[in-house]
Amino acid sequence: MSEVKLNLIDTQQVLHGTIHGSVADACVAALSAEPETIAELRSALTRYIKPLDDCSPFATFHSSASTCPNPPLDTEPWDAGIVVIDLAARIVASESTYSMPQPSGEVDYHDGTKSTEVAVIYRVPDDWLFVNSVEAYLWSCERRVRERLAQTPLDLREVLYGTPLLEFIINAVATLTETGIVIPVRGAGNAHNSGADFPHSADGEGLGERSASGDQTLPLSNGGEATSTSDTKSIDNEAAEDPLAREISRIHACWLMTPREDLGGSAPRDVMLARQDFIDFDLHTRSMQWSLQDEGPPCLAPDSFAYRFAGFGTHEWVIYYDLVRHLLWSALENFRQTQVCRDGRAIDNVQVIGQAEDLTGIHSLINRLAQIKTNWLEQPLPDFDGRIPAILIDNERKRLPIALRPRDMIVDEDCPVCQMFGDETTPLGMGVGFWHLDGSHMDEDFVFSSCKTREEWEAENHRREEFDKESNRRWEERQQRIARGEPLGPDPFFDPDPFPDLEFADSSLVSDESIDDDEKEFLQ
């Protein structure tokens, strides 16, 4: 008993027919691509079943119009049972002896002719409901369809990259220049990695202005001086001497942490991190599949719902941080160059900006900043190893990992072993590798971390501090033993076994006799 009755449902149609249970399992795994229609599900299925022609696996299914929220189902079980996948309600129902579909797991890749031993892991979004009976599905279907239909998808990037962001930056920087803060003459693209937390004013006063989109601009402390908080973990030496860098960090933090009506009452940071774990995991599964099959897995189509309303992975989170910082410094440089100096002259290689001129030209400023944004996104940047930010973002939205050739991963081109590993035409050549951004250069405060809650961030910092303490303690103890001339045994903390599961048939390969005196002295 290996076939099941499969019902596929979206807002427009219902498909039902008999099919092998492994195909039904692959359909569940394909939900990791977040399909909204049966056509998108069919496309996502190619992640797990290689199509040999244009023939759909559902070609023999019967079709009928969907009457949401009560679609016409074929509830007559077949062979091993029945499976229902409702894309409109986001419910999977199964009454099958073949398998029990789960929100996460693995399926064997099918090469179009047979099942292979390549297991591809998957995880579906958290809002999918899995039930073990058709009756339970019917009980929940109508309610969940109505709830989903009441939710209008938001184009988050229209806010995060569009006019609302640019207006916020211009208003905040304009007010910053009115405080009389000393602004050093510097390049607009100068990077600063200072620590700061959510901005607040010492006297409780804000800017008193609102942007055209209705969000409040940044409250600044008197004179532009930074107000320290207990959340500020560390500030590098340059930023500690530069109150302007701290104010830039505060403006950035305010943009990320301020709830907005055009984001459904959420803050930019919340919507950007909401699905980061899911996007990163799905990209990880694409990388693993690529490594196992030596070919890139299928991508999301640009016209698919999952691409158009894609969540934000780590790559875009890091790139967005750099973009906002670049725009903030660019806007500040623009005001430094165009506004009237308090004394009308430069003072010791700095200029002091006094009362800013009126902002009647705000639209021209927005257009100018928009062009700076476009230029930054669409040109190769050294910080990304010559890659183009817009393409990196697009690849993440398509769920396409950034692949590296073996020779791209070689550190020492003069090393014979490295050359051997970098030659993909030889048996010892490395396979495909993958390029990642980790955000290690970002400010260390909660606002700029990937932790969703402050409690999670504090716990992570505590774990890191405890690890550092233990590492320092063991290192000091190790150094003292060396100073006393005591022999050092294997320490898994400092000398981990690089191949813990590798067994050698020839014991001489791991015996002391196989190591010459010079190597022993080096290892000690």
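**Group meeting: a walk through the predicted model**

The largest pocket in this structure has a volume of about 1,100 Å³. A pocket here is found on a 1 Å grid over the protein atoms alone, as an open set of points with protein on both sides within 12 Å along at least five of seven lines. Grid points are joined across faces, edges and corners, and a volume is the space filled by probe spheres set on the points.

Before going on, the ground rules. This is a predicted model, in which local features need pLDDT of at least 70 and side-chain atom pairs count only at pLDDT 80 or more, while totals for chains, interfaces and linings use all residues. Residues are numbered from 1 along each chain as its sequence is written, and side-chain values use heavy atoms, with hydrogens and water left out.

Back to the pocket. Its lining has 34 residues, and D127, R148, Q151, R275 and F305 lie nearest the centre; a lining residue has an atom within 4 Å of a point. By class the lining holds 15 nonpolar, six polar and 13 charged residues. Nonpolar covers Ala, Val, Leu, Ile, Met, Phe, Trp, Tyr, Cys and Pro, charged covers Asp, Glu, Lys and Arg, and the others, Gly among them, are polar.

Which helix gives the most to this lining? It is α3, with four residues. At least two residues each come from α3, α4 (156-160), α9 (276-293) and α10 (305-308).

Now the chain as a whole. It has 16 helices and twelve strands, taken as DSSP runs numbered from the N terminus, with helices being H or I of at least four residues and strands E of at least two. Of the 524 residues, 44% are buried, meaning under 20% relative accessible area with a 1.4 Å probe and protein chains only.

Next, the sheet. Six strands form an open, mixed sheet in the order β3-β2-β1-β4-β5-β8. Two strands count as paired if DSSP finds at least two bridges between them. At the edges are β3 (62-65) and β8 (129-131), each pairing on one side only. From one strand to the next the twist averages 15°. Strand β5 (residues 91-96) pairs with β8 in the parallel sense over three bridges, and V92 has F130 as its bridge partner in β8.

Two helices lie on these strands. Helix α1 (residues 21-29) lies across β1 (3-9), β2 (13-20), β4 (81-86), β5 and β8, at about 135° to β2. Eight of the nine residues of α1 are buried, among them V23, D25 and C27. Axes are lines fitted to C-alpha atoms, for helices over the stretch in contact (heavy atoms within 4.5 Å), and angles run from 0 to 180 degrees between N-to-C directions.

There is also a hairpin. Strands β6 (residues 104-110) and β7 (residues 115-123) pair in the antiparallel sense over six bridges, and E106 has I121 as its partner in β7. Four residues sit between the two strands, and G112 takes a positive phi near 100°.

Last, the cavities, where a 1.4 Å probe fits but cannot get out. How many of 30 Å³ or more are there in the whole structure? The search finds four. The largest cavity holds about 70 Å³ of space. Its lining includes I170, N334, F335 and R368, and α11 (314-338) and α12 (362-377) are the elements giving two or more residues.

How values were computed: Buried < 20%, exposed > 50% of the residue type's maximum accessible area, 1.4 Å probe, protein only.
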